[in-house]
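Here is a friendly walk through a two-chain model. Take a look at the sequence and the structure, then read on.

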Amino acid sequence: MNTLTTTAEDHRIAWLAALAITIHIAESALPSPLPGIKPGLANMVTIATLCIYGLRTTAWVMLLRVVAGSLLLGTFLSPTFTLSFSGALASLLVLTVAHLLPAIRFGAVGYSLLAAMGHMSGQFAVAYWLFIPHPALLHLFPILMTAAVLFGLVSGIIVATMLKRIP
Amino acid sequence: MKPALVTRADWLVIVASLALLPWLYATFWSSDDTAADKVHIIVDGKELPPISLHQDRKLTIRGSIGTSTLQIEQGRIRFVHSPCQGQQCVHSGWLSHNGEFAACLPNRIALQLSGGAARFDTFIY
Amino acid sequence: MNLPGRHLLLLTLGLLLLTGCGAARQTRIHHSQLLSFGTLVDISLWDASPEQIENAERIIHDELHAMHHDWHAWQPGPLTETNQQLRGGEWFVCPPAILPLIVQAKQLYQRSGGLFNPAIGQLVALWGFHSDTLPKGPPPPKEAIASLVARKPGMDAIVIDGQRIRSTNPAVQLDFGAFAKGYAVDRIIEKLIANGIGNAIINAGGDLRAIGRHGDRPWRIGIRNPRGPGVLAGIELSGDESVFTSGDYERFFRYRGKRYHHIIDPRTGYPARGVTSVTVIHDNAATADAAATALFVAGPEEWHPIARRMGIKYVMVVDDKGRIHMNPAMARRIQFESEQKPEVVLSKPL
């Protein structure tokens with residue numbers, strides 16, 4: 001019988017993903033004022049991970065959260081999953097670009113804002129093209145983006161404050 | 001060295017995202033600004049005073065071969081009836097955007113909408 | 001710590017700029033309509049002085065007057081007199097208002113392979129379209145149509161010698177219905193330019209020529225859905241371009257459930273079949289007008305070679321099944337507005 005050798009990084013990813021999934025599930029139980037608007041608390045785990053452990057770990061945590069989280073919630077491969085997954089992918093893409101930009105050092109607040117806006121834009125684009133290609137939906141976009149900026153800013157400041165307290 | 005709570009780059013992102021929001025509202029909420037609010041009716045080359053599209057009503061206008069009926073409803077206007085043979089004016093249907101026009105040439109009645117931003121400068125068939 | 005303060009200032013400036021752009025929008029557009037001699041002309045002028053606007057309206061009025069008086073196909077005037085003389089077959093001095101139209105129409109007749117044929121006035125009259133009211137049917141007898149077609153009236157039968165012309169075929173009767181509007185629009189634009197007007201659209205009942213731009217953007221033209229309400233597509237024009245459309249919905253009558261429209265195929269003597277409308281973009285309005293008719297007659301299968309011969313670079317043909325045939329260059333310019341895009345058939349490049 002083979003034993004699977006695991007590294008410290010694997011353990012770290014597993015712990016962080018578990019934390020993100022817990023927050024993700026807890027948040028999904030909260031009532032939402034408008035479909036599509038959520039505080040995105042799991043985003044805070046992503047940002048903290050990015051600031052401390054870098055891009056590779058972040059990508060794993062994020063993808064694990066979306067896939068495993070949806071398996072636990074029973075939404076895997078449903079429209080909700082498609083939206084969540086496209087949001088995560090877009091957000092990851094934006095973070096990757098931001099992370100790889102030379103000579104620009106973003107902090108938690110910048111990353112958080114970028115991730116939130118990327119998430120919302122990606123999710124919205126997929127919702128529009130795949131599910132409801134109706135022009136009326138476009139009117140929602142600025143409202144959703146306002147929420148994304150607001151929550152992105154707040155969770156970014158929380159993460160930045162938290163990181164400052166970590167020795 | 002203690003990292004700054006908010007870096008210079010972060011400030012840039014904050015400013016950019018806050019500036020993006022008004023732009024988003026301007027872009028995605030502007031589709032209605034082409035809606036017209038007035039109609040100009042020209043009878044036999046003479047223009048009547050403009051009529052608001054925000055008051056629902058029926059208009060009967062005497063042209064050169066008979067009486068045409070126009071209907072204004074919820075910011076739109078249409079020819080309901082016209083004594084012409086071709087009935088192209090009636091087939092034009094509802095008009096609601098700035099710059100749109102319809103005419104009953106045999107009866108010498110033309111109407112054009114104005115107010116709001118024009119999405120098109122002129123129309124062809 | 002004054003860094004946040006500076007950024008706040010930057011932010012405020014940015015917001016001011018954004019809102020400023022909106023408020024600074026000026027209305028330097030003049031828009032008016034002229035209903036003269038049965039044609040509704042929609043005029044758009046950008047950045048024109050009140051004097052230029054007045055001049056423009058006078059020019060348009062005068063040209064439309066010329067079109068309706070000099071070139072009328074059945075009301076007595078220079079064109080009906082010319083037709084009478086042509087029937088005689090003798091040399092005569094052509095009225096100066098008519099001669100340049102004949103010269104240009106002869107060229108377009110050649111280049112369209114005879115599909116744009118303003119010499120078939122007798123056929124158009126036989127169908128009853130030489131009247132202010134539409135015919136009620138029935139369609140003319142088969143034999144009458146066949147005998148007129150057999151006499152092959154064509155523009156090549158008109159011989160020009162300086163100011164004098166004659167016809168070698170007594171069946172020739174000129175009807176510039178598919179051409180006069182384009183010719184008039186060209187003359188209007190020429191005179192507007194001479195008056196210092198550089199940015200304008202002259203839209204004569206759905207056929208137009210646009211010069212210049214709408215300030216910092218091109219002119220935007222909406223194409224109305226001919227079979228229902230709403231806008232089908234949009235198109236942008238800048239520089240100097242004409243858009244002309246020939247449609248079977250412009251003049252027609254129904255008889256026993258069948259539609260008979262005014263665009264007569266000179267080869268058969270019957271209304272051309274297979275097409276609902278043809279839209280052509282070309283720099284010259286008269287050419288665009290003639291080409292729209294010629295391509296309508298050519299039909300959904302044969303328009304391409306004719307367009308190439310006539311030097312037309314942008315063509316859209318809507319066939320009787322609602323399919324849209326376009327050359328690739330035209331397809332790149334047409335922006336469909338409706339949610340359901342119609343079926344588009346792309347042709348080879350022109």
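What follows goes through each chain in turn and then the place where they touch.

First, some housekeeping: this is a predicted model, in which local features need pLDDT of at least 70, side-chain atom pairs count only at pLDDT 80 or more, and totals for chains, interfaces and linings use all residues. Residues are numbered from 1 along each chain as its sequence is written, while chains are lettered from A and ligands numbered from 1 in the order in which they are written.

**Chain A**

Let's start with the helical one: chain A has 7 helices and 0 strands. Helices here are DSSP runs of H or I with at least four residues, strands are runs of E with at least two, and both are numbered from the N terminus. Of the 167 residues in chain A, 39% are buried, meaning that 20 or more other C-beta atoms, placed from the backbone, lie within 10 Å of the residue's own. Now for contacts, which are pairs of residues whose C-beta atoms, placed from the backbone, lie within 7 Å. Among the contacts in chain A with a separation of 6 or more, 76% come from residues 24 or more positions apart.

**Chain B**

Read from the N terminus, its elements go α-β-β-β-β-β-β-α-β-β-β. Buried residues account for 36% of its 125 residues. In chain B, residues 24 or more positions apart make up 36% of the contacts with a separation of 6 or more.

| Partner of β1(B) | Residues | Sense | Bridges |
|---|---|---|---|
| β2(B) | 46-47 | antiparallel | 2 bridges |
| β3(B) | 51-52 | antiparallel | 2 bridges |
| β8(B) | 109-114 | antiparallel | 6 bridges |

B:Ile42 has B:Glu47 in β2(B) as its bridge partner, B:Val39 has B:Ile51 in β3(B), and B:Ile41 has B:Leu111 in β8(B). β1(B) and β2(B) also make a hairpin with 2 residues between them, and B:Asp44 in the turn has a positive phi of about 50 degrees.

There is also an open sheet of 3 strands in chain B, in the order β4-β5-β6 with antiparallel pairing. At its edges sit β4 (57-62) and β6 (76-81), each pairing on one side only. β5(B), residues 67-73, pairs with β6(B) over 5 bridges, and B:Thr69 stands opposite B:His81 in β6(B).

**Where the chains meet**

How many residues of each chain are in contact with the other? There are 21 from chain A and 17 from chain B. On the chain A side, α5 (108-131), α6 (135-138) and α7 (140-165) each supply at least two residues, and α7(A) gives the most, with 9 residues. That side divides into 14 nonpolar, 5 polar and 2 charged residues; Ala, Val, Leu, Ile, Met, Phe, Trp, Tyr, Cys and Pro count as nonpolar, Asp, Glu, Lys and Arg as charged, and the others, Gly among them, as polar.

α7(A) packs against helix α1 of chain B (residues 8-28) at an angle of about 165 degrees, with the axes 9 Å apart. So α7(A) is roughly antiparallel to α1(B), a label for angles over 145 degrees. The axes are lines fitted to C-alpha atoms over the stretch in contact, and angles run from 0 to 180 degrees between N-to-C directions. Residues meeting here include A:Phe141, A:Met145 and A:Leu153 in α7(A), and B:Ile14, B:Leu21 and B:Phe28 in α1(B). By class, this helix contact has 11 nonpolar, 2 polar and no charged residues.

Terms used:
Two residues are in contact if their C-beta atoms, placed from the backbone, lie within 7 Å. Angles under 35 degrees count as roughly parallel, over 145 as roughly antiparallel, 65 to 115 as roughly perpendicular and the rest as oblique. A residue is buried if 20 or more other C-beta atoms lie within 10 Å of its own, exposed if 12 or fewer, and partly exposed in between; C-beta atoms are placed from the backbone. Two strands pair if DSSP finds at least two bridges between them.
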